[in-house]
Amino acid sequence: MRNRRAFLVIAVCALATAPIAAQAAEPSPQPSPTAAAPPVQLVVALGLRDPALDAGVVRGSEVLLARGYEAELARILARRLGAHVDRFVALRPALRLMAGAPSGWHLALAGIEPSRAARGAAVLSDPYLTTDAAVVLRRHLPRPRSVADLRGHLLCALRGSEEARTIATAVRPASAPLLSRSVDRLREQLRTGACDAALVPAIQAGRFVRGHGSELGPVAGRFPSGRGLVVAVARGSGLDVHAVNAALTRLRNDGTLGRLARTWLGLDPAALRTLR
Amino acid sequence: MRVPHARRRSRRRERELRPVRRVRLAIPAVVGACALLVAAPALGATDVRRGQVWFLRDGEPVAVSRTAPAMPGLLRALLAGPTRAERAKRLRSAIPAGTDVRTLTIARRVATVDLGSRFAVGRDEASLTARVGQLVRTLRSVPGVVGVRIRVEGGVPVGLFPGYDLRRTVRAPLASQSAPTFRDTQQLLADLGFMAQTGVTGRPGDETTVAVLAFEKWRGMARDGVLSAGVLKALAHATRPEPVRHAPGKRVELLLDRQLALAIVNDRVERVFHISSGAGGRTPSGSFRVYRKERLSWSVPFSVWMPWASYFTGGIAFHEYGYVPAYPASHGCVRMMARDAPLMYAFATTGTPVDVLRGTA
């Protein structure tokens, strides 16, 4: 009899506490991407792949002290959308998390290039930053006016990089290019004249020449690839990608994107002359 | 009272065994004390009477002595920055004033320090890198500490401090830029065109000496072939030699004042060769072309073999010779090292222009 009563009490207690336990077991409330009205407080995902694009302190999934081109752009973009960045979260590695269905963020500025996988996971904006290859010359080398002017020179790039591929496919130089193991080695080869011109990502060209201005030549131009980094807008986040595109266009036209690029990347890749 | 015989025997035995027990008890105690003594410096439990705190002078790390109680004391001394007297000696700290320590722990000989957000303030890459270097050097100077983990506001800094991956334990600060290895220096000489890539071996040898000599000649330095501090400094900022004249195609420039020969293709200096030309101005200046080549040439007037000879005017040729000093020493020909002469022979094909120039410095 006593046992049956005790069992009854335990069962009642268990039933009473079940909803509370279930509530506790649920994940912490994510930003509600299902809201119909545009959110005012945005959660922005960063890639943390390139220190100039975004850097910070990762605590759990949160990014504290976020800085860099993309972090700054996210803040400005949020303001233009009538919202503000509530917090930054880490998206690493970007592609894997992009494939996950529930995002937990509204916008992702994580060095995302348009791909089928990215398009499947989120709505992608227009590019905000070009990923073309830039040409950095050695000292005393005359500026090339076209791709043909580069063919007679000894070119160099990082081994296995997109730029090495650009040399092979777009430039097709007379002599085989030098392929370096590291950025430092590449810079050394250019400084010493072991090669005449180096192809580096336009995003990195400013940092490549920074502090070596007297030893290297100018950044002479870029090869237009039509590719760029885009903002990923989470589906059902309540944000309209057209509004994001319109805001990016305004930022480009009023010079904000150029200023951000010069501040964080050392130069504005979009302002470089295109070589054809 | 009379004690029974068995009891007496037991007491005697107990008295005999007492020192043995004492020793048995003492052994673990001594071992324990030794272990504590070994571990104590790493744990920061005992005072580090004299420790090293690292600051910067002209961007280079400099250690100063501090009498500080253990590791927390050293860390506090580091964050406090140089004293007024040290500042007068141009010592500086890259760590922002007001940086606070949240926690400092040590486990498995790795110190983990959690700092306030001020540690990451600023965008100057050199300063951000230097402050991590200061912190790592200071904590690594504590006996027993083999690595440092840096946290900021309880999180892992990613990309904030250029050159350091703080997701991992930092075992050593970044190497100073001013100390290239011998192999690095050889690579630099090869990149600049003063020696062949095959000469980059990491080992000293006559090829490196000749390359240094050629570099010294180009820069107008003392011609001794010694890799001195002055040469290293000049190499660090050197760029590839430029031709004196500009013309398309393949050609050779012979710089009599510098005692160098430049192999040039389309205005790009491919190689710089150490040579010795005619003493007393016996090598004529002017523009010539290679007109005759002999794998092994016999000099009739001087009765000597001249391997790898490329004649460019009269009986004047580039050729191999056993002795190539740093000054003009020949009867008019251009002496070259045994390693370089075949390269010049292959480069200067018949008809290749040769510009012999005086006064190019």
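**Exercise 1.** In what sense do strand E2 of chain A and E6(B) pair, and over how many bridges?

*Solution.* Before we start, note that this is a predicted model, where local features need pLDDT of at least 70, side-chain atom pairs count only at pLDDT 80 or more, and totals for chains, interfaces and linings use all residues. Residues are numbered from 1 along each chain as its sequence is written, and chains are lettered from A and ligands numbered from 1 in the order in which they are written.

Step 1: find the strands, which are DSSP E runs of at least two residues, just as helices are H or I runs of at least four, numbered from the N terminus. E2(A) covers residues 55–59, and E6(B) covers 156–158.

Step 2: pairing needs at least two bridges found by DSSP. These strands have three, in the antiparallel sense. Look for A:Val58, whose bridge partner is B:Val156.

**Exercise 2.** Describe the side of chain B that touches chain A.

*Solution.* Step 1: count the contacts (C-beta atoms, placed from the backbone, within 7 Å). Here 21 residues of chain B meet 20 residues of chain A.

Step 2: name the elements. Strand E6 and helix H5 (182–192) of chain B each give two or more residues to this side.

**Exercise 3.** How are helices H2(A) and H10(A) arranged?

*Solution.* Step 1: take the axes, lines fitted to C-alpha atoms over the stretch in contact, with angles from 0 to 180 degrees between N-to-C directions. The axes of H2(A) (69–80) and H10(A) (256–265) come within 9 Å and cross at roughly 150°.

Step 2: angles over 145 degrees count as roughly antiparallel, so H2(A) and H10(A) are roughly antiparallel to each other.

Step 3: find the contact residues, including A:Leu73 of H2(A) and A:Trp264 of H10(A).

Note on methods. Contact = placed C-beta atoms within 7 Å. Parallel < 35°, antiparallel > 145°, perpendicular 65-115°, else oblique.
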